[in-house]
Structures are given as C-alpha cells and as structure tokens.
Amino acid sequence: MALTTTPNPTPSADGTAAAPATPRGSSRVRQREGLAGYVFLSPWLIGLMAITAIPMLLSLYLSFTNYDVLTPWSEVEWVGLAHYERMFTSDPSYWHAVSVTLSFALIAVPLKLAAALGVALLLNRAWRGVGLFRGLFYLPSLLGGSVALAIVWVNMFNRDGAFNSFLSLFGIEGKPWVNDPDWALETLMVLAIWQFGAPMVIFLAGLKQVPTELYEAASVDGAGTWRQFVNVTLPMLSPVIFFNLVLETINGFQGFTAAFVLSNGTGGPVDSTLMYTLNLYITGFTELEMGYASAMAWVFLLAIALITIALFSTGRFWVHYSDGEDR
Amino acid sequence: MVAQTPTVPRRRSGLGRQVVRLTILTAILAAVLYPLFWMIGTSFKSQEEIVNNIGLLPETFTPGNFSDGWNNFDVSFGRFFLNSAMISLLTVVGNAVSCLLAAYAFARLRFRLRGFWFAIMIGTLLLPGHVLIVPQYILFRTFGWVGSDWPYLPLLVPQFLATEAFFVFLMVQFMRGIPRELDEAAKIDGASAYGIFRHVILPLSRPALVTTAIFSFIWTWNDFFRQLVFLSDLSDYTVPVALTLFIDSTSQSAVGPMFAMSLLSLLPVFLFFVAFQRMLVEGINTSGLKG
C-alpha cells in the first residue's frame, strides 16, 4: 500500500500543515467546495456532537449529581464536588484500582515493547519464510483481546492448566495462579505481553527506515553488533519506540475484558484484578452509581491526557528525529 | 544481530548465524502459539482428560463438546453467532461509508475550520471509549434504544457516524497518497466535488476500504465492553457476552464445551487472518494505532 510507513508521532501538526491553500478558482467555486466539504463531513460532525461531545458534557454534569438511572430526572440531586472528594479521600477501593492499573501498565507495557523489539530485530533481515513468522507472531494481537482467549488464558493458569503441566515437567508443583491474589494480575500481564505482535510490526516498519549506510559507517569505525545497536539502531528507532510507548500505555490503562473474565466481573480475587475500567463499570452498571462513575471517567480522561503530555515532554530528551533538527 | 550490514559479502558464519536465529525464533514461536494449540486440544478432550491428561492431544476424541456447548443455554449458540455476524457486518458497512465521506472532506476539500475539525478528530483518536459509556448509556436509554425489541441501535448508530476516528485517519493518510493531478484533471473536465469522489477517490481508495472493513469486522466481533453494557436479553446476546455465561456456571463440567465454543468464536477471525495475512500486517503498519 502506498501509505506512509513511518508512524507519525505528532499527527496534529500534520493536520494543520496539510492544507495546501492553492489560491485557485473563483470565490464562488470555493464557496461551493466549502459547502461540499461540510456535506461530506456531516455524518462525522453529527457523530462528534451526539456521540462524543454532548455525552462528555452530560457526564461532566452527572459527576456533580447522584444520578442512578432509576430515580426520575426531577429528583436528581446536585451534590457538588462530593464524588470527587470521596474519590480522593475516602474510597480505598478506588485507589486500589488506580494502583492495580498503574502496576499493570508499568510492568506489562515495557516488557511487551521489549519483546516486540527483540523479535523485530530477529525478523528484520529478509529471508524466505520471514513473512510467515511475522504473520504468526502478529496473530495473538488479533485474537488476544477477545473473551474467548481470556477464557483460555484463565484456564491455562488454573490448577489443571497448561502452565502447571509445564511446571510439572520440572517437578515443580504449581497452584491455581488465577485464584491467588498475588499472581492473578501477573497472569493478565503475561496475556498482554503475549500480544506483542502489533508493536512488533510497527518496529519492523521503523527498522526498514534505518539507512544501511549508518551501519556500514559504524562497522568501518570498528563498532560491533552491540555498539551498532546502541549507537545506530536505538537512536534511529526512537521515534517509533516513542510512538509504540504512547499507544501501548494508553491501551494498557484500558484493560477490561481479561480482568472481567478472570474475576467474573468482580475484580477479584481480593480486588487484585480491579482495573480502573472494571471498577468504573462496577460502580456505574452494577452499583448504578452513575454520578460517581462519571466522576471516575472524567478523572480517568484527565489522567490519560496528563500522562500523554508527560510522555511527550520527556520525549524531547530521548527521541531523535533524523531530519537534522529537533522538533 | 540486527546490526548486520547487508551489503558486506556474507562470510561463512552467516549461515551459522541464520541457524541460531531460526532456532531462537522457532522456540519463541512455539511458546507463543502453544496456548492456541492447547485450546484446540482441550476442545476435543473429555472432562476426565482435561483434568488428567497433560498432553496436547486427547486420547479419546470428544467432538461432543461442540454440540454440548452449542446447546448449553436456553438459546443456542447459532443465535449468538447470527447476532454477532449481523452487528459486525453492519458495522463494516457503517464504518466504510461514513469514514470514507469524512476522510474525503479532510483530505481533499477546502472548507472553513478544516484544520480545527481535523485536530478535534485526531484528539478523539486517543479518547478512551470507557469514558463515554455512562452518558451514552443514559442518552440511548432516553431514546428508548436500550432494552427495546431490537437493542442494537446503541452499538450501530455510532458506527454510521464515523466515530471510529482511527479509520478516518487511516483513510485520510491513504487519500493523501493519491496524486492530486487526477482531481485536477477531473475538475477541468467539469467534475463536481461529488464527481471527483465518485469517479476518482472512491475507486482508488479500495485498499484502504478493505483494510477498514477487515479491522472493523474483527474489532466488532471481538468487542465485549459495549455489547456487555447494551445487551440484556439472552436472545439478543452476541458470542462474547454469551461466552461469559459459561464462567457463571461454577461447575467444572462445562470446561470442554466452553473451550469448544471459544474455539468456534475465534474461527472467523482466524479465517480472516489466513485470507488477509499480508494485508493485516501491512495495514496496521501503515498507521498502526490500536492493537
């Protein structure tokens, strides 16, 4: 396909720059084109308003009320900042969910990216059959988010599962890992890492962009494999690493399906898999505290925005763009 | 290992390296694919073997798991598969049409505030769906869409309004690669904005449309969160929601049937993978968001 193969880490800059304002045609023609623009854009605009913007504002309003679906709108009470106060001061399970989510993302995301990069390096050179390997490593990314695979995963790490069978080969006696509060979340991390194929194909695309002259120059200078990796591959790949890091971090925070399946929707055992989104779901749709759940959703949104901004600001120090100047 | 210089003539150690590389890759691949083989094997094992036989293959082949699973609930899995297929196919249509229209506007037409709307669209790319689920539920419930005779509107209407910004972005990127001279030529021939869309952009955007179709199908087929929230009647359930019913039944006896149905549910995705393997891997390359 003729698309650009370099993922663009700052697409918004792309958008504004992409308007080639060729001052051609009369103003009437332009007016017609402007009208046509809005006609073509109208489904998206309606969607933006009805499905995204209005619900966002509604959710902001709800976060200051005790709305619960069951009571009629006329009896809904304004509670001010009570939900936010409760969240930050007197809801230990909220903070537990935050820490579960953070530890999940902090451990699973770097390991997933490391696996993706490692295998991408092994697959980088062209040889017969490399495409098949690439495809098969990518397969888990297509299947892994499903309920079906989560079911398989939970059983694999249960008492009679494949993992304990594997351990028994070495005479180690396993346990039902998914029922152990100390290990349940770890099994979900392994499931996330198992899906390293998606960042891997992005790394492969990035590796193709590294000019071979750089390796030639480095090897003329006597740099070995490791030094070439550290001094050529890593810096040249840093925009792609950054891109993957941002995406996988945001994805990591949103893990829901596997935690739901493992705990049958409770976040157990002993809240060990109470991911943020699962906690939000339980609050909003099991306990019907939709006001409180809306407050959680807004804090989640702000937290993700802040973390993204933080990632971008650290990016200045380690992401290297090869066009000569730092963006 | 990566940092080999392709232009340097291969020394004899090149072959040795390749053998090492292949060995490592095969070992990793075996570990990665093991859960899938284990799932297939377990689907054909009897309950007794699931507990006692740690081997991959069943000693006695038990295809009965499939019929047991299929009819495990008051509604058969045939219904769940039909529901899933219907939602997924309609989502494909909705995404393809609405995202294509929006992408054409962003990529080719000049109108006021285009840069602004484009920036907003990019912003929604990173917006987590979980953030909007509560207010959307409330809105759709007010419209009478939740719990109605045909409760799929909350799942489908957004897809017909180009809310999957990922596909809009993918198509914009693709259309930017289509030479502008073609538009200009059509314009000189008197084509309107619609004419250019219909006769130039639409036919040339087929690869982007196919990528969109495949990914919308797979993501909708696998989606759980929204279907869990919006579907409440057993007969309206989709496959993922129905699968979670197996977890509720605490008895261990349902493991074989549960695996059999899980395996069946992954089959469409797997078939897509086999048919479009190269395209999937490259398609996600091109603007590889999500994953």
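Helix axes are taken here as lines fitted to C-alpha atoms over the stretch in contact, with angles running from 0 to 180 degrees between N-to-C directions. In the predicted model, the axes of α4(A) and α8(A) come within 9 Å and cross at roughly 35 degrees. The crossing of α4(A) past α8(A) is right-handed. On the α4(A) side, the contact is formed by A:Val100, A:Phe104, A:Ile107, A:Ala108, A:Leu111, A:Lys112 and A:Ala115, and these meet A:Leu185, A:Leu188, A:Met189, A:Ala192 and A:Ile193 of α8(A). By class, this contact comprises eleven nonpolar residues, no polar residue and one charged residue.

Helix α4, residues 92-123 of chain A, also packs against helix α11, residues 225-253 of chain A, at an angle of about 140 degrees and with the axes 9 Å apart. Here too α4(A) makes a right-handed crossing, in this case past α11(A). The residues contributed by α4(A) are A:Thr101, A:Phe104, A:Ala105, A:Ala108, A:Val109, A:Lys112 and A:Leu113, while α11(A) supplies A:Asn244, A:Leu245, A:Glu248, A:Thr249, A:Gly252 and A:Phe253. Seven nonpolar, four polar and two charged residues take part in the contact of α4(A) with α11(A).

Helix α8, residues 184-194 of chain A, is mostly covered, with eight of its eleven residues buried. The buried positions are A:Ala184, A:Leu185, A:Thr187, A:Leu188, A:Met189, A:Leu191, A:Ala192 and A:Ile193. The elements covering them include α4, α6 (147-156), α11 and α12 (257-263) of chain A.

Chain A as a whole contains 14 helices and zero strands. Its C-alpha trace spans about 80 × 75 × 35 Å along the principal axes. Of the 327 residues in chain A, 43% are buried. Among contacts in chain A with a separation of 6 or more, 71% are between residues 24 or more positions apart. In an unreviewed UniProt entry, the annotation "transmembrane region" is assigned to residues 35-64, 94-123, 135-156, 183-207, 228-247 and 295-319 of chain A. Over residues 94-123, the chain is 100% helix and 0% strand, with the end C-alpha atoms 42 Å apart. Over residues 295-319 of chain A, the corresponding values are 96% helix and 0% strand, and the end C-alpha atoms are separated by 35 Å.

Several backbone features of chain A fall in loops. A cis peptide bond, with omega of about -5 degrees, joins A:Gly268 and A:Pro269. A:Pro269 lies in the loop between α12 and α13 (276-286) of chain A, and A:Val270 is found in the loop between α12 and α13 as well. A:Val270 is a residue other than glycine with a positive phi, near 45 degrees. A:Val270 counts as partly exposed because it has 15 C-beta neighbours inside 10 Å. A:Leu288, likewise not a glycine, has a positive phi of about 55 degrees and is located in the loop between α13 and α14 (290-318) of chain A. A:Leu288 also counts as partly exposed, with 15 C-beta neighbours inside 10 Å.

Between the two chains, 91 residues of chain B are in contact with 99 residues of chain A. Helix α14 of chain B, residues 255-286, gives the most to the side of chain B that touches chain A, namely 15 residues. By class, this side of chain B has 61 nonpolar, 22 polar and eight charged residues.

The domain assignment divides chain B into domain 1 (13-68) and domain 2 (75-248). The C-alpha centres of these two domains of chain B are 36 Å apart. For chain B, the unreviewed UniProt entry places the annotation "transmembrane region" on residues 19-40, 80-104, 116-140, 152-175, 196-221 and 254-276. Residues 19-40 of chain B are 100% helix and 0% strand, with end C-alpha atoms 30 Å apart. The span of residues 116-140 of chain B is 88% helix and 0% strand, and its end C-alpha atoms lie 28 Å apart.

B:Gly69 is situated in helix α3 (residues 64-70) of chain B. B:Gly69 counts as buried because 24 C-beta neighbours lie inside 10 Å. Beyond its neighbours within four places in sequence, B:Gly69 contacts B:Phe77, B:Pro257, B:Met258, B:Ala260 and B:Met261. The C-alpha atoms of B:Gly69 and B:Ser262 are 9.4 Å apart in space, although the two residues are 193 residues apart in sequence.

How values were computed. Residues numbered from 1 in each chain as written. Chains lettered and ligands numbered in written order. Predicted model: local features only at pLDDT ≥ 70, side-chain atom pairs only at ≥ 80, totals over all residues. Helix = DSSP H or I, 4+ residues; strand = E, 2+ residues; numbered from the N terminus. Left-handed = near helix turned anticlockwise from the far one by under 90°. Contact = placed C-beta atoms within 7 Å. Nonpolar A, V, L, I, M, F, W, Y, C, P; charged D, E, K, R; others polar. Buried ≥ 20, exposed ≤ 12 C-beta atoms within 10 Å, placed from the backbone. UniProt positions renumbered as here; feature names shortened; annotations may be inferred. Domains from an automatic or database assignment.
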